[in-house]
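I opened this model to look up a few local features. My entries follow, in the order I made them.

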Amino acid sequence: MENINMAEFGLPNQYVALAKECKREYVAGRILLQEKGLYRLISEKGEQSAVISGKLRHNAKSASDFPAVGDFVVIDCNNMQGHAIVHSIFPRKSVFIRKAAGTVRTEQIVAANIDTVFICMSLNNDFNIRRLEHYLSVAWDSGATPVIVLTKSDLCSDLKAYIHAVSMVAVGSDIVVTSGIDKDGHLKLLPYIQNGKTIAMIGSSGVGKSTLINRLLGENRLETNGLRNDDKGRHTTTRRELFLLKQGGMVIDTPGMRELGLWDVDEGLDKSFADIEELAAGCKFRNCSHTNEPCCAIREAIFKGELSEERWFSYQKLKNENSYAENRNEYLVEKNQKFKNIAKINKSARER
């Protein structure tokens, strides 16, 4: 089999030894692709399709306990059926998690072990500052560094106004402006891409993620589509996949996400709304509700025009959404544990 240099895929040296400690024939690998329960990974022995072991599946308590794109895993490549078996997942240094689409309250890992998140937003009718605040909150909470990538600048009539609007909410994040018609537009992203480091492209459908990745890859490997009549994007990416770039570094492509439900992102909210957190600390009363109390720094900032009501309302909305997600998550954990306890009692009763 092939002898792959896994350092290029960001594999820490200690993981190689730790995998051998589990079993001599085990190796460390990284998940490259995930689609509807199917996996493809890379290890020192090359690329292989993969399935998870029965023990890993049995011990999984939630969706985040299953492998995701970017995960470093312990695998057995010598399965007689031709695919690798994933036995365990190494600790994640960062993870981008959102609430899964639909009404069911469960988490979904978008990408793991990422260093930088490129939050892509197009400068057309799909431009949405409130959605950007969602993305920033989740990105900061992931443990990775967010970078705002404004695409399709050729469709923008007032670039300075858009950049100003973004800079008002993207506190502490770099802003990069690109255009799909500029064949060298992707070069502005190269300073953020380093050998052994991983970036993830996040954003709505049609914002140009696939186009940027194709330019970085140097070939049209990903399908791209134009816009619909309402200036919104069409879904072209249906799976999460990690690509190794020729110049070094890796990029993860993700499906378009117009809605991004929060999943326990307290730290991310504090960072993405650092301006509001700082203002709130200046209120006279520690438990200020920011409604009618005297000497409220929030109300004063809104009155003076230093803080927009739209941003304040967005902050409150996201706080409430996150609080609901946290409470719901605790309820589901308790509920699952209750059913497990009942199952144990029933099993013990049957064995008597």
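**Notebook: loops, helices and rings**

I began with His 290, which lies in the loop between helix H7 (274-280) and helix H8 (297-304). Helices (H or I, at least four residues) and strands (E, at least two) are DSSP runs, numbered from the N terminus. The model is predicted, so I kept its limits in mind: local features need pLDDT of at least 70, side-chain atom pairs count only at pLDDT 80 or more, and totals for chains, interfaces and linings use all residues. Residues are numbered from 1 along each chain as its sequence is written, and side-chain values use heavy atoms, with hydrogens and water left out.

His 290 has a phi near 60 degrees, a positive value in a residue other than glycine. I found His 290 buried, with a relative accessible area of 14%. Buried means under 20% relative accessible area, exposed over 50%, and partly exposed in between (1.4 Å probe, protein chains only).

I then checked Asn 113, in the loop between strand S7 (107-112) and S8. Its phi is near 55 degrees, again positive in a residue other than glycine. Asn 113 is buried, at a relative accessible area of 3%.

Next I looked at helix H5 (residues 209-217), where seven of nine residues are buried. These buried residues pack against strands S8 (116-122), S9 (145-151), S11 (198-203), S12 (240-244) and S13 (250-253), contact meaning heavy atoms within 4.5 Å. Just after H5, Gly 218 takes a positive phi of about 80 degrees.

How do helix H3 (residues 129-142) and helix H4 (residues 159-169) pack, and at what angle? I read an angle of about 40 degrees, with the axes 10 Å apart. Axes are lines fitted to C-alpha atoms, for helices over the stretch in contact, and angles run from 0 to 180 degrees between N-to-C directions. The contact is made by Ile 129, Arg 130, Leu 132, Glu 133 and Leu 136 of H3 and Ala 165, Val 166 and Val 169 of H4.

Rings of Phe, Tyr and Trp (its six-membered ring) pair if their centres lie within 6.5 Å; planes under 30 degrees apart count as stacked, over 60 as edge-to-face and the rest as tilted. One of the pairs is Phe 118 with Tyr 192, edge-to-face at 6.0 Å centre to centre and 90 degrees between the planes. Phe 118 is buried, at 0%, whereas Tyr 192 is partly exposed, at 23%.
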